[in-house]
Amino acid sequence: MRQVCIVEDSAADAERLKKCVERFVEERKESISVRLYKDGIDFLSNYRPEADVVFLDIEMPILSGIEVAHKLRDVDPYVCIIFVTNMVQYALRGYEVAALDYVIKPISYFRVADCLKRAFVRPGRTVRQVMINVSSTETVRLAETDIYYIEKNSNYLIYHTARGEYRARGSLHEVEAELGGGGSFSRCINGCLVNLRYVDRTTQTSVFVGGDELPLARPRRKEFMNDLMNWIGKGGA
């Protein structure tokens, strides 16, 4: 099932958008769930990288839609962003976050439907998954977008994730083969595999990921930085 999020501080506009999406669902026989959020903080604090489309009001209190979009892109490079605004000049900043399009208020069903049609013909999100055995009786599924980095510790791997830490037996080489496709992971040292989407900054000797400082080995620095630049150059997708 596809997921559409509506981030709108105006209850009337949020309801209008919701009705437009529901009409689209009925006419197209799509399977879509709709979630409403009253502001950017409410949305970001509850967000998991699973949505297909986010309708994002630009003019909101505390955090503007543009600010929310930048923060959203830090955790989800795949989601389709559609701005909603009273003034077209604000929406034109959508290129900063690779927004698909914008909807001008008052909201028109045909404009919303056109945006959804184009959003849904794009390739769907392809988020790789790994299954890890954290005990003899418990297996956990992790999406690549949940993982900050993975470090080898003796015979175990420690997964540092948005959901906490998980410890499991395994081979870093095998996990790298599962997650490495697409260039979103790279080793900063032999025993640490980093999710490049969460790199905040680097120095000559360190990588900062998810609030942690990790060592950056001199023999790996060039390859790691090349991987990071390639990731950024592709728009983090």
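This is a predicted model: local features need pLDDT of at least 70, side-chain atom pairs count only at pLDDT 80 or more; totals for chains, interfaces and linings use all residues.

Reply: Glu8 counts as buried because its relative accessibility is 3%, and the cut-off for buried is under 20%.

Me: Where does Glu8 lie?

Reply: Glu8 is in the loop that runs between strand E1 (2-7) and helix H1 (11-28).

Me: And which side chain does the Glu8 side chain make a polar contact with?

Reply: That of Lys105, at 3.2 Å. A polar atom of the Glu8 side chain also lies 2.9 Å from the backbone nitrogen of Ser10.

Me: What else does Glu8 touch, not counting residues up to four places away in sequence?

Reply: Its contacts include Asp13, Ala14, Tyr37, Lys38, Asp57, Met60 and Val84. Ala14 is also one of the buried residues of H1.

Me: Over to H1, then. Which of its residues are buried?

Reply: Ala14, Leu17, Cys20, Val21, Phe24 and Val25. They sit on the same side of H1, because they cover an arc of only 140° around the axis. An α-helix has 3.6 residues a turn, so residues three or four places apart point the same way.

Me: What covers them?

Reply: The cover includes E1, strand E2 (32-37), strand E3 (53-57), strand E4 (80-85) and helix H5 (109-120).

Me: Which exposed residues are on the face turned away?

Reply: Ala11, Ala12 and Glu26.

Me: How far does H1 reach from its first C-alpha to its last?

Reply: With 18 residues, H1 reaches 26 Å, close to the 26 Å expected at 1.5 Å a residue. Just after H1, Lys29 has a positive phi of about 60°.

Notes. Residues are numbered from 1 along each chain as its sequence is written. Side-chain values use heavy atoms; hydrogens and water are left out. Helices (H or I, at least four residues) and strands (E, at least two) are DSSP runs, numbered from the N terminus. Buried means under 20% relative accessible area, exposed over 50%, partly exposed in between (1.4 Å probe, protein chains only). A polar contact is a pair of N or O atoms within 3.5 Å; within protein, one must be able to donate a hydrogen and the other to accept it, and residues adjacent in sequence count only if both atoms are side-chain atoms. Contact means heavy atoms within 4.5 Å. The expected span of a helix is 1.5 Å times one less than its number of residues. The arc is that of the directions from the helix axis to the C-beta atoms.
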